Amino acid sequence: MSDKLELVVDLRDNGRAIAAMLTANACFMVNDVLVKFQAGHLQLGQIILIRGVFAVALLIVACQVTGVFRHWKRLLQPAVLLRALFETGAAALYLYALLNIPVANAAAILQILPLVVTAGAAVFLGAPVGWRRWLAIFIGLSGVLLIIRPGVEGFSAWSLVALASVFLMGARDLATRKVSVDVPTFGISLMSTIGVTLLGAVFIGLGEPQTIGGWAPLAALDLVVLGLTGVLLVGGYSFLIIAVRLGEISLVAPFRYSSVLWAMGLGFLVFGEVPDGLTLVGMVIIAATGIYTFLREHRLARRGALSQSAIAAVATVAVTPTSLDQEERSEHAANQRPYVR
């Protein structure tokens with residue numbers, strides 16, 4: 001009975017993690033749309049700095065209300081600081097690359113992140129990843145490429161810089177898994193947000209190029225919009241941390257592709273952009289791979305629950321469910337829990 005309960009809890013946590021990932025992507029995409037409006041007359045450094053100040057202030061209030069500061073030394077754990085370092089480094093590399101290569105190329109490179117996270121989880125965390133899940137991720141990536149359709153134009157050393165940022169993002173997510181459970185999500189978000197906010201100050205100090213450094217005059221509406229982006233940044237960071245900590249990392253990773261779907265929807269609602277045929281095909285592929293991954297998790301969990309019930313009924317017999325294929329059995333052994341991946 002306890003094994004069956006564990007299976008139900010695992011499935012529930014994975015479902016919540018997927019919902020958190022979808023919400024995080026929505027926050028990040030709306031944030032990007034607002035930043036795009038501001039970037040026309042403000043410098044990138046001051047956008048990052050002012051947005052970060054709002055986000056840090058909000059997180060300080062949240063940490064104070066939830067009692068995070070009563071155990072503030074937990075925020076200095078190596079895994080927390082390492083995650084903040086990876087987050088800051090990834091932001092610096094990606095933003096620099098984004099200014100030097102086409103947006104489509106940078107976006108395409110960013111979608112490699114689920115593959116990086118899944119591979120990293122398999123190598124460094126011992127997460128079992130079967131060929132079906134690898135295939136679903138690669139098919140989802142093909143859907144992303146159908147939507148973005150990056151060309152060879154602009155592929156240069158800056159593309160490698162963007163790729164390096166993706167590896168830092170993957171390292172950030174793996175570091176998140178190493179943070180002890182007694183460190184609250186708001187505390188982790190605060191440390192990462194402080195790092196990125198300081199990055200904005202560094203950009204301002206650079207002065208050149210003008211699109212990054214320097215300081216432009218601010219209007220009241222600018223402060224309102226940047227304050228909203230700060231709220232969205234906190235939401236994105238917090239839900240992302242929840243998703244990575246709560247769910248199985250290789251299961252949740254493919255749902256990062258939903259950021260492209262959010263981009264398509266916001267592009268239509270805000271800018272009136274209508275997806276063409278290939279874009280719609282790509283969206284269907286991405287949605288299908290995500291649904292398949294979740295349904296497969298659900299099916300394996302149910303099989304595991306039924307198998308455990310049979311084992312409990314015949315305790316003296318070693319039962320091996322022959323209905324599962326070799327991959328599923330090997331992944332079960334690697335997990336050391338009944339057929340939950």
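At 29% relative accessibility, Arg-74 counts as partly exposed, a class that lies between buried (under 20% relative accessible area) and exposed (over 50%), as judged with a 1.4 Å probe and protein chains only. The structure is a predicted model, in which local features need pLDDT of at least 70 and side-chain atom pairs count only at pLDDT 80 or more, whereas totals for chains, interfaces and linings use all residues. Residues are numbered from 1 along each chain as its sequence is written, and side-chain values use heavy atoms, with hydrogens and water left out.

Side chains of opposite charge can pair when their charged atoms come close. Four salt bridges are found in the structure, each being a side-chain nitrogen of Lys or Arg within 4 Å of a carboxyl oxygen of Asp or Glu. In one of them Arg-74 is paired with Asp-182, and the closest N and O atoms are 3.6 Å apart. Because Asp-182 lies in the loop between helix 7 and helix 8 (185-206), while Arg-74 lies in the loop between helix 2 (44-65) and helix 3 (78-98), the pair ties together parts that are 108 residues apart in sequence. The helices named here are DSSP runs (H or I, at least four residues), numbered from the N terminus. Asp-182 is likewise partly exposed, with a relative accessible area of 34%.

A salt bridge also joins the side chains of Arg-172 and Glu-87, at 3.2 Å from N to O. This pair links distant parts of the chain, since Arg-172 belongs to helix 7 and Glu-87 to helix 3, 85 residues apart, and both Arg-172 and Glu-87 are buried. Arg-172 meets Asp-173 as well, in a salt bridge of 3.0 Å from N to O. Through salt bridges that share partners, Arg-83, Glu-87, Arg-172 and Asp-173 are joined into one network.

Helix 7 (residues 157-178) has 22 residues and should span 32 Å at 1.5 Å a residue, which agrees with the 32 Å between its end C-alpha atoms; the expected span is 1.5 Å times one less than the number of residues. The buried residues of helix 7 include Ser-159, Val-166, Met-169 and Leu-174, as well as Arg-172 and Asp-173.

A pair of aromatic rings is described by the distance of the centres and the angle of the planes. Two aromatic pairs are present in the structure. The rings of Phe-28 and Tyr-237 have their centres 6.0 Å apart and their planes at 70°, so this pair is edge-to-face; rings of Phe, Tyr and Trp (its six-membered ring) pair if their centres lie within 6.5 Å, and planes under 30 degrees apart count as stacked, over 60 as edge-to-face and the rest as tilted. Phe-28 in helix 1 and Tyr-237 in helix 9 (residues 220-246) are 209 residues apart, so that the pair links distant parts of the chain. Tyr-237 is buried, with a relative accessible area of 6%.

On the surface, Phe-37, Phe-268, Leu-269, Val-270 and Val-274 form a nonpolar patch with about 540 Å² of accessible area together. Such patches are made of residues with over 30% relative accessible area and no salt bridge, in which nonpolar side chains (Val, Leu, Ile, Met, Phe, Trp, Tyr) are joined within 5 Å, and like charges within 9 Å; the areas come from the Shrake-Rupley method with a 1.4 Å probe, and for residues only the protein chains shown count as cover. Helix 11 (residues 258-271) gives the most to the nonpolar patch, with three residues. Phe-37, by contrast, is placed in helix 1 (residues 2-38), and Phe-37 is partly exposed at a relative accessible area of 47%.

Notes: Helices (H or I, at least four residues) and strands (E, at least two) are DSSP runs, numbered from the N terminus.
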